Amino acid sequence: LTAKDFINSALADEKWLVLRKNGSAKLANVDLTGKNKLIFPYNTWTPGGILTITIDSLQGKKLHQIKLNNNSGRQFADIEIPAVTGVHDVYLHYAN
């Protein structure tokens, strides 16, 4: 995966996507054919954050929205996404 188009976000240690308040990033050219789940680790220090996942643009089709609970260590999110075929840019937007 290639992360790019960072807005109030960055790659930390070249492997962790860090999304700050109202931050977003694009995962370019993701083949979603046959995919129905997204599993990812996360850590947050502020309660009430919402992660929204869309395709093709920040305002594109919403695949999922999840509240990320405040935690004191890494947690894993395991979410269902609707069936989508083809290669798309996947956008992640964090609001708190």
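**Salt bridges in this model**

Okay, let's start with Lys 37, which pairs up with Asp 78 in a salt bridge, their closest N and O atoms sitting 3.0 Å apart. Keep in mind that this is a predicted model. That pair links distant parts of the chain: Lys 37 is in strand β3, residues 37–42, while Asp 78 is in strand β6, residues 75–80, and they're 41 residues apart. As for solvent, Lys 37 is partly exposed, at 40% relative accessible area, and Asp 78 is partly exposed too, at 47%.

Let's go to the others.

Asp 5 and Lys 26 meet through their side chains, 3.0 Å from N to O. Again, this links distant parts of the chain: Asp 5 belongs to strand β1, residues 2–12, Lys 26 to strand β2, residues 16–31, and the two are 21 residues apart.

Is Lys 26 buried or exposed? It counts as buried, because its relative accessibility is 10% and the cut-off for buried is under 20%. Asp 5, at 44%, counts as partly exposed.

Now, Lys 26 also meets Asp 89 in a salt bridge, at 3.7 Å from N to O. Asp 89 lies in strand β7, residues 87–95, and Lys 26 in strand β2, so this pair ties together parts that are 63 residues apart in sequence.

Technical notes: Residues are numbered from 1 along each chain as its sequence is written. This is a predicted model: local features need pLDDT of at least 70, side-chain atom pairs count only at pLDDT 80 or more; totals for chains, interfaces and linings use all residues. Side-chain values use heavy atoms; hydrogens and water are left out. A salt bridge is a side-chain nitrogen of Lys or Arg within 4 Å of a carboxyl oxygen of Asp or Glu. Helices (H or I, at least four residues) and strands (E, at least two) are DSSP runs, numbered from the N terminus. Buried means under 20% relative accessible area, exposed over 50%, partly exposed in between (1.4 Å probe, protein chains only).
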